[in-house]
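Take a look at the structure below.

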Amino acid sequence: MFTTILAAAGAAAPENPYGLTQALKEGGLISQTVFGILVLMSVVSFYILFSKLFEQQKLINQQKRVRQSFWQSNSLREGSAKLEKNSAYKQIVDDGLAAQEQHAKLTDPVEAHDWLHGSLARSEAAINSKLGGGLAFLATVGSVSPFIGLFGTVIGIYRALVKIGASGQASIDKVAGPVGEALIMTALGLVVAVPAVLSYNWLQRRNKSISEDLSAFSNDVLGFLASNGAVRPVVAGAAKPVAKPVSAAGTTTAGQTGGVPTRP
């Protein structure tokens, strides 16, 4: 009985002669190839979108942890030990420490600031390059897919004109299939292009924000290294050091005559 019901339902709902499946069958190898390329572009675009979002969110979480605990450490090595093993911020710190050690081994006179700045800039550029991976494909899909769809449109219209010439009459049943196929290809090209362009712009904006934070952190690390730890960013919520009176000899005075009293 169940088989009979399915057979009746199949007979009651015949295949749409102007649907996508029928259009691809009539379009032949060219239309099927165009359709396959556009679908592949769409799948890869969404894969890049979600993978880059995951990667960016990971860096944003690392940024929050750096703000919370890193600069409260006594040294860069101690702060680096608190970060994740594959953290981008840990990479910048480790590269800065390595550059400081390498500078002592240089035989040619090179300013320590220039050497450290160049090493940190290379580390930052490597991270930004990894962040930008895959975005070129999104830009390519956004600019190329409408033209690929337009190619399928041209082929569909050409087939419609061939049918008109072969039949000698421009009846709707002769041109509806090829023209419908042409319109489907145009729409599919736009459907693939629009999300790719939006994803590219959104990811680029997030990358810019992350890059600015990495640049600020790299500058803070440079200041810390160049001042032997005397210069470090102010951490919100951290206790400020209390100024102590210093004598002319450079020692701290406590109740000594002539000393500068501290404020409570």
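**From core to surface**

Start with Leu-76. Leaving aside its neighbours within four places in sequence, Leu-76 is in contact with Phe-70, Trp-71, Val-93, Leu-97, Val-221, Phe-224 and Leu-225. Keep in mind that this model is predicted.

A second, separate core has nine residues. Met-41, Val-141, Ile-148 and Met-185 are among them.

Now turn to the largest nonpolar core, which has 23 residues. Which of them touch the most other members? They are Phe-70, Trp-71, Leu-76, Val-93, Phe-217 and Val-221. Helices α2 (20-69), α4 (88-103), α5 (112-131) and α7 (172-226) each give two or more residues to this core. The most come from α7, which gives seven residues.

Next, find Lys-52 in helix α2. Is this lysine buried or exposed? Lys-52 has a relative accessible area of 6%. Buried means under 20%, so Lys-52 counts as buried. Its side chain joins that of Glu-55 in a polar contact of 3.0 Å. Not counting residues up to four places away in sequence, Lys-52 also touches Lys-130, Leu-131, Gly-132, Gly-133 and Leu-203.

Finish on the surface. There, Phe-147, Leu-150 and Val-154 form a nonpolar patch. Together they have about 310 Å² of accessible area. Val-154 lies in helix α6, which spans residues 135-167. Why does Val-154 count as partly exposed? Its relative accessibility is 48%. Partly exposed lies between under 20% for buried and over 50% for exposed, so Val-154 falls in that middle class.

Technical notes:
Residues numbered from 1 in each chain as written. Predicted model: local features only at pLDDT ≥ 70, side-chain atom pairs only at ≥ 80, totals over all residues. Heavy atoms only, no water. Core = buried A, V, L, I, M, F, W, Y, C linked by side-chain atoms within 4.5 Å. Buried < 20%, exposed > 50% of the residue type's maximum accessible area, 1.4 Å probe, protein only. Helix = DSSP H or I, 4+ residues; strand = E, 2+ residues; numbered from the N terminus. Contact = heavy atoms within 4.5 Å. Patch = residues over 30% accessible without salt bridge, like charges linked within 9 Å, V, L, I, M, F, W, Y side chains within 5 Å. Areas by Shrake-Rupley, 256 points an atom, 1.4 Å probe, with all protein chains shown as cover. Salt bridge = Lys/Arg side-chain N within 4 Å of Asp/Glu carboxyl O. Polar contact = N/O pair within 3.5 Å; in protein donor to acceptor, adjacent residues only side chain to side chain.
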